[in-house]
Amino acid sequence: MKRKIQIAIDGPASAGKSTVAKLVAKKLGYIYCDTGAMYRAVTYAAMKKDIRLDNDKDLNQLLQKLSIEFVPANPEQKVYVDNVDVTKEIRLPGITNNVSIVAAQSSVRTDLTKRQQQIAQAGGIVMDGRDIGTTVLPNAQVKIFLVASAKKRALRRYKENILKEINTPLDVLEQEIIERDYKDSHRKISPLVQASDAIEIDTTELTIDEVVREIMKIIENRLN
Ligand code: CDP
Ligand code: CDP
């Protein structure tokens with residue numbers, strides 16, 4: 001049997017990370033971990049409790065008692081915060097536009113990084129986020145950095161939103177994506193940055209299947 005490895009997939013918003021990470025994990029029979037969902041879950045819990053999103057101390061207290069669970073389900077895994085299913089809620093624009101503030105707080109990053117490293121201990125993991133190849137799994141055997149033009153990424157989000165009956169105009173979405181990328185790349189702790197040993201794939205003109213195929217080739221080369 002082939003050895004089980006860690007696969008880190010990082011990149012900016014809507015580069016296709018979670019879609020391809022899920023498919024790659026399925027092909028390999030690995031666990032998939034969406035670390036963005038964890039930052040979204042904390043943001044959701046903080047907003048519910050009226051905690052200031054830049055209050056590191058209060059967020060730290062919140063995290064001491066907060067349970068975040070992923071439960072496999074079809075078509076997408078469910079996310080539970082303190083045993084409540086928040087899968088849909090954490091994707092709403094109110095969370096999306098605030099999550100970068102919470103994700104910049106040091107206690108949040110320390111806590112979630114630990115949780116992510118614990119999940120990865122099982123081996124055979126595909127984890128996606130912003131700092132997986134640099135901070136969470138610096139020894140991952142395969143590191144991928146997905147990028148795509150902001151225009152294309154906004155269009156992808158726009159199409160997704162239509163299905164969810166969210167009507168944010170395309171130019172507003174593009175601006176929001178650019179702002180979130182800026183915040184994620186310029187924070188002090190674990191900013192969004194390509195690991196020196198990551199392989200970059202530009203997905204602007206690639207289909208999901210093409211990206212998955214390219215990543216599977218990289219993984220197979222590494223495994224052989
Ligand atoms: O799916 P989308 O690209 O919109 O974002 P996400 O992966 O759900 O992540 C939401 C936000 O969480 C990001 O914009 C980051 O602010 C934060 N995040 C992070 O800081 N570190 C990670 N490893 C994953 C997400
Ligand atoms: O996780 P991340 O925010 O990087 O992106 P995603 O949620 O996986 O993908 C955002 C949207 O782009 C989804 O609706 C994907 O189906 C779509 N997508 C695409 O059309 N072509 C790709 N090559 C990758 C993703």
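**Sheet and ligand shell: how the terms apply**

Modeller: D34 stands opposite D128 in β6. The model is predicted, with local features needing pLDDT of at least 70, side-chain atom pairs counting only at pLDDT 80 or more, and totals for chains, interfaces and linings using all residues. Residues are numbered from 1 along each chain as its sequence is written, while chains are lettered from A and ligands numbered from 1 in the order in which they are written.

Colleague: What makes β2 and β6 a pair?

Modeller: Two strands pair if DSSP finds at least two bridges between them. β2 and β6 (residues 125–129) have four bridges, in the parallel sense. So they count as paired. Strands here are DSSP runs (E, at least two residues); helices are runs of H or I, at least four residues, and both are numbered from the N terminus.

Colleague: Why are β2 and β8 called edge strands?

Modeller: The open sheet runs β2-β6-β1-β7-β8. β2 (31–34) and β8 (199–202) each pair on one side only.

Colleague: How do you know that α6 packs on the sheet?

Modeller: Contact means C-beta atoms, placed from the backbone, within 7 Å. Helix α6 (residues 106–120) touches β1 (6–10), β2 and β6.

Colleague: What makes a residue part of the shell around ligand 1?

Modeller: Its C-beta atom, placed from the backbone, must lie within 6 Å of the molecule. 16 residues surround ligand 1, the closest being A13, G36, Y39, A103 and G129.

Colleague: Which helix gives the most to that shell?

Modeller: α2, with four residues. α2 (35–48), α5 (99–103) and α9 (170–186) each supply at least two.

How values were computed
Two residues are in contact if their C-beta atoms, placed from the backbone, lie within 7 Å. Axes are lines fitted to C-alpha atoms, for helices over the stretch in contact, and angles run from 0 to 180 degrees between N-to-C directions.
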